[in-house]
Amino acid sequence: MGQIPVSYSFRNLFTRRLTTVLTAGGMALVVFVFAAVLMLAAGLKKTLVETGSYDNVVVIRKAADSEVQSGIERGQAAIVESQPEIATGVDGGRLVAKEVVVLINLPKRGSGKPSNVEIRGIGKESMALRPQVRLIYGRMPRPGSAEIIAGKGVSKRFVGAGLGETLHFGMREWTVVGIFDAGNTGFSSEIWGDSEQLMQAFRRPVYSSVIFRLRDSSEFGLVKARLESDPRLSLDARRESKYYSDQSELMAKFLRIMGMSLTVIFSLGAIIGAMITMYAAVSNRVGEIGTLRALGFKRRSITAAFIVESLLLGLIGGAAGLFIASFLQLFTISTMNWQTFSELAFTFTLTFEIVWKSMVFSLIMGFVGGVLPALRAANMNIVEALRTS
Amino acid sequence: MLLKLLLKNPFRHKLRALLTVLGVAIAILSFGMLRTIVGAWYAGVEFSSATRLVTRNSISIIFPLPLAYYEKIRQVEGVKEVSYANWFGGTYKDKKNFIAAMAVEPRTALDIYPEFVLPPDQEKAFLKDRKSCIAGIKLARRYHWKIGDQITLTGNIFPGDWEFVLKGIYTGKYASTPEDQFRFHWNYLNERLKKTTPRRADQVGFYMIEVKKPELAAQVSAAIDGMFKNSLAETLTETEKAFELSFVSMTEAIVVAIRLVSFVVIIIIMAVAANTMAMTARERIGEYAVLKTLGFGGREIALLVFGESLMLSMTGAAVGMALTYPAADFFKSQLSDYFPVFNVARETLYMDAAAGLIVGVVAGIFPTWRAVRLRIADGLRRIG
């Protein structure tokens, strides 16, 4: 005798629709949460990976964790600027920018709740160093004026950061003359202005960081060693990509712990749900199973039939959960990064890896929930099973 | 008779009842834990007092205020005591061991924060020695510090190694008082800044102000901010609660997500429990018909189905609630870096019980309705 056809398992699920919907619904919610957490972590990672370029180097004060905490005297910045490893841009200028980064407290649109926004004083080459940043509306600020440009995310979320609006800080009014799009990067959560103007306004006569492009990526070790061993400097050089992933280490770890604990707990609940359903499916069909055995189906095919049924449950649940989770991509999460104290926005991102991980996860839930009841079904005594109906 | 049946019914399918109870217990447990995490988020807010104000630079918290404001703020009417502090941060031995260190004006800071309880002799020793520091009991335990120990912190905002002598270990007056703080003399920080980076010296991170009466808070805030309006460093004065809340609200998205997830877990378990009850009721349709034939009315049948549903969910809820405390202790030890205060609030338990009740009710409604509406003949005709 051969295998029990899959349509048997499928029709069983269809016959007991309410139970199937409830069980698969529970699983769908679990997969939804599982996928949502992974999507959040992937979104955060994507934002950070795209923010930093591998060939750019960020120099900040030794022991400072971020540009905001750092301070580089003008003299020190000049030494960094003169390093021979710095690349030359298309117009012949050297690709290096001395920047100043501070936080300002701005109220959000709608709720009016204040949040910290990073404001970056840029140099001539800052745009060239970040090809992912494009001006989409308006124009660049004129050097020496109280003009700023805002990231797309910031201009949408904060009062006074829209095109043509003004912000008040440092005893001056600053006009937003342009909006820039930096894609999914951290720069979208920033405001940019002329560095000399901002330093004056904030009365901070020091730079926060010096950023430059390497002329040859492999020379990083060389320039790092020279800068860090210079007794006049006491500075720290990092690749920009490393700098940004260090920035959100704490957040990424938090998401990971949170996500894992939630998934473990939730999946326990869903496995229990599947188990209850499958046990009931078995005990409702004792007579039927006996008949199948009497017809000559092997124990193995009966086990297989019930496991297939349970896997189908998992499949339905997983697909439904992923379907709902895919709509999360429309949402942007903006929250404070604890390490920099500033606002960081990132979106839920669905990757192929998350799709297959979620599906495997839901199939495992279905399998674990179904294996014990299936074994029970297979180990029934034929005669007794036939007698019960 | 009915009660006996009610008590016996759940045990007819021992495995199923056990699984359901277990499922509800897990759900209630995670609901409780998630609520506690949200509570821990707001711990700083809870700790704040109605008579304390915080004055910071209006641009943002990273900009300092001149020390010269101290005398001016002290003279504002309604102000009882003023202290000032600089957030120091810093790490101990390893970059991972982050310390919540603050440089404070020691005498006034201890006056304004009476919930940091320090034995009088330790307080005296701390005030006398400029290089001394105090630490919360949790912090001291974590790094095995004893009074008299030399402690070296590495600054990230104020670079370099900073040496301190531990002169006191404080305990919190209330459960919400953070016991992982590190405080040292503001003057010690300032003197060194005068030598290394003079432009950062004589600058204060924020002022802490105690007002005479809570009702004066608004008036005093307005007076202080008005005084420094249009100066080089404008101020923003708010109650300590608003100050703490502003940090929480910046991470609001995460709090909202956790809240949401805590409800999702209840919905998941509702589906599981509803499923159990739907199956149970379906299996017993014949039985209900017999009971009806014997003269039991709809109300008794309803009690039977509903009672069973409630019994299962409430047992689960009770187990879950009982497990909340050991689980919270475990989380406390694991996540102490993130949450210095991690206590299970009483409201959380009430909400647990309410959630258990709701799960029971929702799971029971549909099967009950079906059992009550059942026509005897249909019930008897049905097999299995």
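This is a predicted model: local features need pLDDT of at least 70, side-chain atom pairs count only at pLDDT 80 or more; totals for chains, interfaces and linings use all residues.
In strand β8 of chain A, A:Gly193 is the bridge partner of A:Gly121. The bridge belongs to a parallel pairing: strand β3 (residues 114-122) of chain A and β8(A) run together over five bridges.

β8(A) also pairs with strand β5 (residues 147-151) of chain A, this time in the antiparallel sense and over three bridges. Here A:Ala150 has A:Ile191 of β8(A) as its bridge partner. How many of the five residues of β8(A) are buried? Five of the five, across residues 190-194, so the strand is largely enclosed by the rest of the structure.

## Two helices that cross in chain A

Two packed helices are described by the angle between their axes and the distance between the axes. For helix α2 (residues 17-51) and helix α11 (residues 299-326) of chain A, the angle is about 45 degrees and the axes lie 7 Å apart. That angle makes α2(A) oblique to α11(A), and the crossing is right-handed.

## A buried alanine in chain B

Moving to chain B, B:Ala103 sits in strand β5 (residues 100-104). Is B:Ala103 buried or exposed? With 26 other C-beta atoms within 10 Å, against a cut-off of 20 or more, B:Ala103 is buried.

Leaving aside residues up to four places away in sequence, B:Ala103 touches B:Ala85, B:Asn86 and B:Phe88, along with B:Phe184, B:His185, B:Trp186 and B:Leu189. B:Ala103 also has a C-alpha to C-alpha distance of 8.1 Å to B:Asn187, although 84 residues separate the two in sequence.

## Where the chains meet

How many residues of each chain take part in the contact between chains A and B? On the chain B side there are 39 residues, in contact with 46 residues of chain A. The elements of chain B that give two or more residues to its side are α2 (14-41), β8 (150-155), α10 (240-250) and α11 (252-283).

Among these, α11(B) gives the most, with 15 residues. Sorted by class, the chain B side has 25 nonpolar residues, 13 polar ones and one charged residue.

## Two positive phi values

Most residues other than glycine have a negative phi. Two residues are worth a look with that in mind. A:Ser234 has a phi near 55 degrees, a positive value in a residue that is not glycine. A:Ser234 lies in the loop between α7 (220-229) and β10 (235-239) of chain A. A:Ser234 counts as partly exposed because it has 15 C-beta neighbours inside 10 Å.

In chain B, B:Asp202 has a positive phi of about 55 degrees and is not a glycine either. Its place is the loop between α8 (186-196) and β11 (203-204) of chain B. With 13 other C-beta atoms within 10 Å, B:Asp202 is partly exposed.

Key
Residues are numbered from 1 along each chain as its sequence is written. Chains are lettered from A and ligands numbered from 1 in the order in which they are written. Helices (H or I, at least four residues) and strands (E, at least two) are DSSP runs, numbered from the N terminus. A residue is buried if 20 or more other C-beta atoms lie within 10 Å of its own, exposed if 12 or fewer, and partly exposed in between; C-beta atoms are placed from the backbone. Two strands pair if DSSP finds at least two bridges between them. Axes are lines fitted to C-alpha atoms, for helices over the stretch in contact, and angles run from 0 to 180 degrees between N-to-C directions. Angles under 35 degrees count as roughly parallel, over 145 as roughly antiparallel, 65 to 115 as roughly perpendicular and the rest as oblique. A crossing is left-handed if the near helix is turned anticlockwise from the far one by less than a right angle, and right-handed if clockwise. Two residues are in contact if their C-beta atoms, placed from the backbone, lie within 7 Å. Ala, Val, Leu, Ile, Met, Phe, Trp, Tyr, Cys and Pro count as nonpolar, Asp, Glu, Lys and Arg as charged, and the others, Gly among them, as polar.
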